[in-house]
Amino acid sequence: MGRVIAAGVALGLCAILLGSPPASADDVADPRLDLTVTLDDRPIANATVMIDPAKQLELTVTATNSGGTTVKVRSVRVSGVALALTFFAYDTTAPFEVPAHSRVTRTFVLDMADLSGQAIGLLPSTVELLDVRRGTLGEATTVADIRGSFWSVYGAFGLAMLVLTVLAWLTALLALARHRLPANRWRRGLRFLPAGFGTGLVAVVSLSVLRLVPPEPAIEIPVVLGAAAIAFLLGYLTPHPAPGPSGDETVRFPDATEEFNR
């Protein structure tokens with residue numbers, strides 16, 4: 001049972017550390033298009049934009065091509081990511097071209113009614129222009145305040161991590177109370193490690209759902225690793241389990257002859 005709980009909690013950590021692959025150096029250093037994006041006439045740069053799934057979203061994209069060749073755009077994508085997992089993504093096919101050394105503005109109307117069942121709270125979000133091979137031509141990032149349902153995929157993910165974390169703590173603490181932890185300190189620390197990972201993941205998701213702090217890498221990774229380190233230290237410092245009876249001990253019963261002579 002403990003191994004199952006540990007595997008479930010560790011899955012969230014693997015999502016952070018091994019989730020999406022980093023972009024190539026060429027894409028980061030030399031983007032082909034520079035984007036300026038507004039949602040319902042509100043610029044998204046350095047801002048938190050509210051997205052109500054019950055309303056249509058008017059997305060205006062201004063693409064600037066500073067290169068010497070025409071860039072062909074196939075579609076626009078709006079996506080939200082937390083813990084290196086994509087919780088929503090909407091693609092709209094609308095081909096257009098951006099000539100060399102020019103600027104083109106396009107407006108899209110997005111129906112995001114399904115978003116209510118996918119996410120809730122603050123999520124780092126990205127608007128991307130894609131080419132015919134689904135490669136990114138340019139992107140703009142923001143933080144979206146999504147007015148979705150608590151029972152959305154993101155909310156359910158947080159609830160599942162909470163249940164697994166509680167079970168992980170109960171398993172570790174019961175083993176401590178029953179003196180069943182390993183005698184080696186490092187192994188005792190590892191016994192508490194999954195509970196720490198889970199605590200960090202629950203903290204990150206809770207802060208996001210409560211609209212306090214978005215789950216950006218600069219925040220989520222220190223929180224998760226910090227909680228894991230604290231839990232490991234607690235396990236490392238737990239008292240040595242009480243020794244049980246030795247297997248080779250024998251019990252000496254009084255000899256019947258001695259009792260008779262008395």
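Select arginine 185 and tyrosine 236. The charged end of arginine 185 sits over the ring of tyrosine 236. The distance to the ring centre is 5.7 Å. Keep in mind throughout that this is a predicted model.

**Aromatic pairs**

Next, show the rings. The structure holds eight aromatic pairs. Pick phenylalanine 87 and tyrosine 154. Their ring centres are 4.8 Å apart and their planes stand at 70°, so this pair is edge-to-face. Which parts of the chain does the pair link? Phenylalanine 87 belongs to strand 6, residues 85–98. Tyrosine 154 belongs to helix 3, residues 153–177. The two are 67 residues apart, so the link is between distant parts of the chain. Are these two residues buried or exposed? Both phenylalanine 87 and tyrosine 154 are buried.

Ring pairs join Phe87, Tyr154 and Phe157 into a cluster.

Now move to phenylalanine 150 and tryptophan 151. This aromatic pair is also edge-to-face, with 5.2 Å from centre to centre and 80° between the planes. Colour the two by accessibility. Phenylalanine 150 is partly exposed, at 42% relative accessibility. Tryptophan 151 is exposed, because its relative accessibility of 64% is over the 50% cut-off.

**The nonpolar cores**

Hide the surface and look inside. The largest nonpolar core has 49 residues. Which residues have the most contacts inside it? They are Leu33, Leu59, Phe88, Met112, Leu129 and Tyr154. Tyr154 is the ring partner of phenylalanine 87 visited above. Helix 4 gives this core its largest share, seven residues.

Centre on phenylalanine 88 and list its contacts. Leaving aside residues up to four places away in sequence, phenylalanine 88 touches Val78, Ser79, Gly80, Met112, Leu115, Gln118, Ala119, Leu123, Ser125 and Ile146.

**Salt bridges**

Switch to the charged side chains. How many salt bridges does a search of the whole structure find? The search finds five.

Start with arginine 77 and aspartate 91. Their side chains meet in a salt bridge, 2.9 Å from N to O. Arginine 77 is in strand 5, residues 71–82, and aspartate 91 is in strand 6. These two residues are 14 apart, and the pair links distant parts of the chain. Check accessibility at both ends. Arginine 77 is partly exposed, with a relative accessible area of 22%. Aspartate 91 is partly exposed too, at 35%.

Go on to aspartate 145. Its side chain meets that of arginine 147 in a salt bridge of 2.8 Å, N to O. Aspartate 145 also forms a salt bridge with arginine 211, at 2.6 Å, N to O. Where do aspartate 145 and arginine 211 lie? Aspartate 145 is in strand 9, residues 136–146, and arginine 211 is in the loop between helix 4 and helix 5, so the pair ties together parts that are 66 residues apart in sequence.

Why does aspartate 145 count as buried? Its relative accessible area is 10%, and buried means under 20%. Its two partners are classed otherwise. Arginine 147 is partly exposed, at 38% relative accessibility. Arginine 211 is partly exposed, at 28%.

Then select Arg77, Asp91 and Arg134 together. Salt bridges with shared partners join these residues into one network.

**Backbone stops**

Stay with arginine 211 and turn to the backbone. Most residues other than glycine have a negative phi. Arginine 211 has a positive phi, about 60°, although it is not a glycine. Its loop runs between helix 4 (185–209) and helix 5 (217–237).

Finish at aspartate 41. Phi here is near 70°, again a positive value in a residue other than glycine. Where is aspartate 41 placed? It lies in the loop between strand 1 (34–39) and strand 2 (42–43). Aspartate 41 is exposed, with a relative accessible area of 62%.

Note on methods: Residues are numbered from 1 along each chain as its sequence is written. Side-chain values use heavy atoms; hydrogens and water are left out. Helices (H or I, at least four residues) and strands (E, at least two) are DSSP runs, numbered from the N terminus. Buried means under 20% relative accessible area, exposed over 50%, partly exposed in between (1.4 Å probe, protein chains only). A nonpolar core is a set of buried Ala, Val, Leu, Ile, Met, Phe, Trp, Tyr and Cys residues joined through side-chain atoms within 4.5 Å. Contact means heavy atoms within 4.5 Å. Rings of Phe, Tyr and Trp (its six-membered ring) pair if their centres lie within 6.5 Å; planes under 30 degrees apart count as stacked, over 60 as edge-to-face and the rest as tilted. A charge sits over a ring if NZ of Lys or CZ of Arg is within 6 Å of the ring centre and within 35 degrees of the ring normal. A salt bridge is a side-chain nitrogen of Lys or Arg within 4 Å of a carboxyl oxygen of Asp or Glu.
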